[in-house]
Amino acid sequence: MLFAAVQRISASSTKSIRKLSSASRTRTAVSGRSAARSSTATGANPGASTCSVEDASATKRSRLTASGDTVPRVLRRRHDAPVSPTPDRLAGKAVGAALRRLGYSEDGLFRLLGDEAYSGGREEVPIHERRLSDSRLATAVRLFFLERPVPFLDAVRALGRRTVDALETTGLADLGDDVAPRARITPVGELLVASDGYSRDVQDPPDYVATYTPTSRLCDLLTPRPHVARALDLGTGNGIHALRAAQHSRHVVATDVNERALAYTELNAALNGLANVECRRGSLFEPVGDERFELITCNAPFVVSPERRWAYRDGGFEADGFSEHIVRGAADHLAEGGFATLLVSWIADDEDALDEHALGWVEETGCDGWILPVFGSEPLDHAAGWNAHLAADPDAYGTAVDEWTRYLDDLGVRWVSEGAVLLHKRPGARRPVRVDEVDEDELDEAGDQVLRAFATRARLAEPGRAELLEGRPAPAARLVVENELGAPPSREILVRLDEGTHHAFEAPARAAAVVAALDGRVSLGDAIQAVADRLSLSAGQASRLRREAVDLTRALLEIGALELSY
Ligand SMILES: C[S@@+](CC[C@H](N)C(=O)[O-])C[C@H]1O[C@@H](n2cnc3c(N)ncnc32)[C@H](O)[C@@H]1O
């Protein structure tokens with residue numbers, strides 16, 4: 001049963017309620033937009049200090065040999081500067097297999113560290129450490145999730161001697177009396193993802209490679225996942241989207257300007273036993289020439305910023321130029337029938353027309369488009385949010401905020417939006433571009449919903465298609481109608497999607513009653529008539545109901561909550 005009618009005594013409040021007019025050029029609701037964001041802080045980033053750096057010189061140490069004897073050991077490398085991992089395929093595969101055998105997974109982490117395993121920063125590490133037992137899994141978690149050194153013997157006991165050697169081969173750890181991690185390994189779904197360690201904020205190098213961040217997650221959850229021949233992940237970072245695509249694509253090209261990012265991507269492919277990811281270094285679409293792809297993902301360095309501090313954050317274009325380039329370039333590189341999920345940013349000089357930039361880019365691509373704003377802020381909040389890492393130093397913080405707001409003022413910016421632009425390239429007539437805000441806290445896996453939404457929009461655009469009233473829509477996902485007991489049929493209530501993007505629409509209760517009757521067997525026209533008869537509506541009232549019900553049904557079809565079954 002996909003459709004649940006929930007009778008409630010009082011109306012609920014949902015953070016970001018889409019009005020039906022959100023299908024028009026400009027979105028109408030902005031109140032649900034959160035100004036909080038961080039590209040380096042991560043849902044999977046409990047933070048930790050890096051390994052100790054004293055004794056960086058050759059130090060006599062001892063270690064366990066394969067036979068169990070101890071022999072003097074020289075600590076070969078131990079310094080603070082980030083190094084590139086070595087993407088040795090065999091060694092990487094061995095490390096991945098050993099961690100999996102131990103149960104190094106999301107579930108394993110939740111079991112050991114509790115529900116908050118993935119939250120918090122490096123300041124949480126001492127607390128997390130104290131939750132750990134001395135099991136073999138706990139040793140691996142201490143080493144690669146909390147990024148703490150562990151005694152060499154413990155590492156061998158947990159992972160086996162060959163795997164410990166593979167850690168050195170791949171550059172994932174330095175070996176000495178302790179095994180000292182040089183990277184973090186984060187379980188993300190079925191995948192293991194190595195990246196640089198915890199962010200040290202201002203001390204992060206320009207080529208810092210972040211772990212699975214909140215924006216990585218947004219991009220991941222909003223990516224449709226059909227089986228395709230060729231996929232492109234632009235600005236791949238640690239390679240997370242390339243790895244995800246590799247699970248449903250024959251071949252994946254992963255690009256980045258950052259050599260260290262590509263080294264991580266190659267190593268991560270090995271850690272996960274994936275042999276179909278090809279890394280290419282270069283800027284924007286230059287590494288792929290005029291090649292075409294059925295899937296393009298890009299969590300771009302989209303931040304509207306006057307700085308060039310971090311490759312993952314500052315794209316180096318004026319204003320939202322990097323994002324514009326990504327949207328237009330993705331459309332050019334999409335194969336017919338292809339999809340793109342792009343995390344980008346756009347500015348507005350008019351608070352009553354927040355999405356004109358993104359709408360303009362998408363409309364000119366000729367693709368079907370879906371713009372999903374997630375964060376939005378005024379210039380001062382934007383500047384404060386993206387410089388929060390300086391907050392402990394009020395002078396530096398103030399200076400940076402001044403520099404950013406001056407930059408935005410000079411550009412005439414009144415509002416900065418950050419979110420996703422989804423594209424679908426197909427022949428034939430286009431549907432108007434939709435804009436629907438997304439609340440990142442409510443977002444679930446939405447890839448199938450995105451596929452449905454674009455498929456339905458293509459169908460609705462078919463020439464000669466029968467009127468929507470003759471169609472027989474059916475729920476394609478869990479829908480909830482939130483009504484009040486005894487509420488009059490004209491009362492506005494919520495119809496919300498209980499999965500995927502969790503969009504919600506306000507509509508009169510009588511229109512919601514029509515939608516609640518749609519089961520794929522009854523036509524929309526008949527469902528409207530049945531409700532009109534039941535409520536004994538006059539001709540004028542029935543005509544209004546028809547308009548309301550068609551609008552609501554169309555919106556639910558266009559977001560993939562309903563599908564057509566005629
Ligand atoms: C926000 S990070 C996203 C990383 C990864 N895709 C993810 O979602 O976690 C942006 C990435 O784009 C890369 N990048 C920056 N400028 C680029 C450019 N001009 N062309 C290609 N990649 C670029 C950065 O090095 C960084 O790895």
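Begin with the shell around the ligand, whose residues comprise nine nonpolar, 12 polar and one charged. The model is a predicted one. Select the ligand and display its surroundings: 22 residues surround it, and the closest are Ser216, Gly235, Gly237, Asn299 and Ala311. Next, colour the secondary structure elements that contribute to this shell. Helix H7 (214-221), helix H8 (240-246) and strand E11 (249-256) each provide at least two of its residues.

**The three-stranded sheet**

Now move to strands E5, E7 and E6, which form an open sheet in the order E5-E7-E6 with antiparallel pairing. Select strand E5 (150-151) and strand E6 (173-175) to see the edge strands, each of which pairs on one side only.

**Helices H4 and H5**

Select helix H4 (residues 136-144) together with helix H5 (residues 152-159). Their axes come within 8 Å and cross at roughly 120°. Angles of 65 to 115 degrees count as roughly perpendicular and those over 145 as roughly antiparallel, so H4 and H5 are oblique to each other. The crossing in which H4 passes H5 is left-handed. To view the contact, show the side chains of Arg136, Thr139, Ala140 and Leu143 on H4, and of Asp154, Ala155, Arg157, Ala158 and Leu159 on H5. Coloured by class, the contact of H4 with H5 displays five nonpolar, one polar and three charged residues.

**Helices H16 and H17**

Finally, select helix H16 (residues 524-534) and helix H17 (residues 539-558), whose axes come within 10 Å and cross at roughly 135°. H16 is therefore oblique to H17. Here the crossing is right-handed as H16 passes H17. On H16, display Leu524, Ile528, Val531 and Ala532; on H17, display Ala542, Leu545, Arg546, Ala549 and Thr553. These residues make the contact between the two helices. Which classes of residue make up the contact of H16 with H17? Colouring by class gives seven nonpolar, one polar and one charged.

Note on methods:
Residues are numbered from 1 along each chain as its sequence is written. This is a predicted model: local features need pLDDT of at least 70, side-chain atom pairs count only at pLDDT 80 or more; totals for chains, interfaces and linings use all residues. A residue is near a molecule or strand if its C-beta atom, placed from the backbone, lies within 6 Å of it. Helices (H or I, at least four residues) and strands (E, at least two) are DSSP runs, numbered from the N terminus. Ala, Val, Leu, Ile, Met, Phe, Trp, Tyr, Cys and Pro count as nonpolar, Asp, Glu, Lys and Arg as charged, and the others, Gly among them, as polar. Two strands pair if DSSP finds at least two bridges between them. Axes are lines fitted to C-alpha atoms, for helices over the stretch in contact, and angles run from 0 to 180 degrees between N-to-C directions. Angles under 35 degrees count as roughly parallel, over 145 as roughly antiparallel, 65 to 115 as roughly perpendicular and the rest as oblique. A crossing is left-handed if the near helix is turned anticlockwise from the far one by less than a right angle, and right-handed if clockwise. Two residues are in contact if their C-beta atoms, placed from the backbone, lie within 7 Å.
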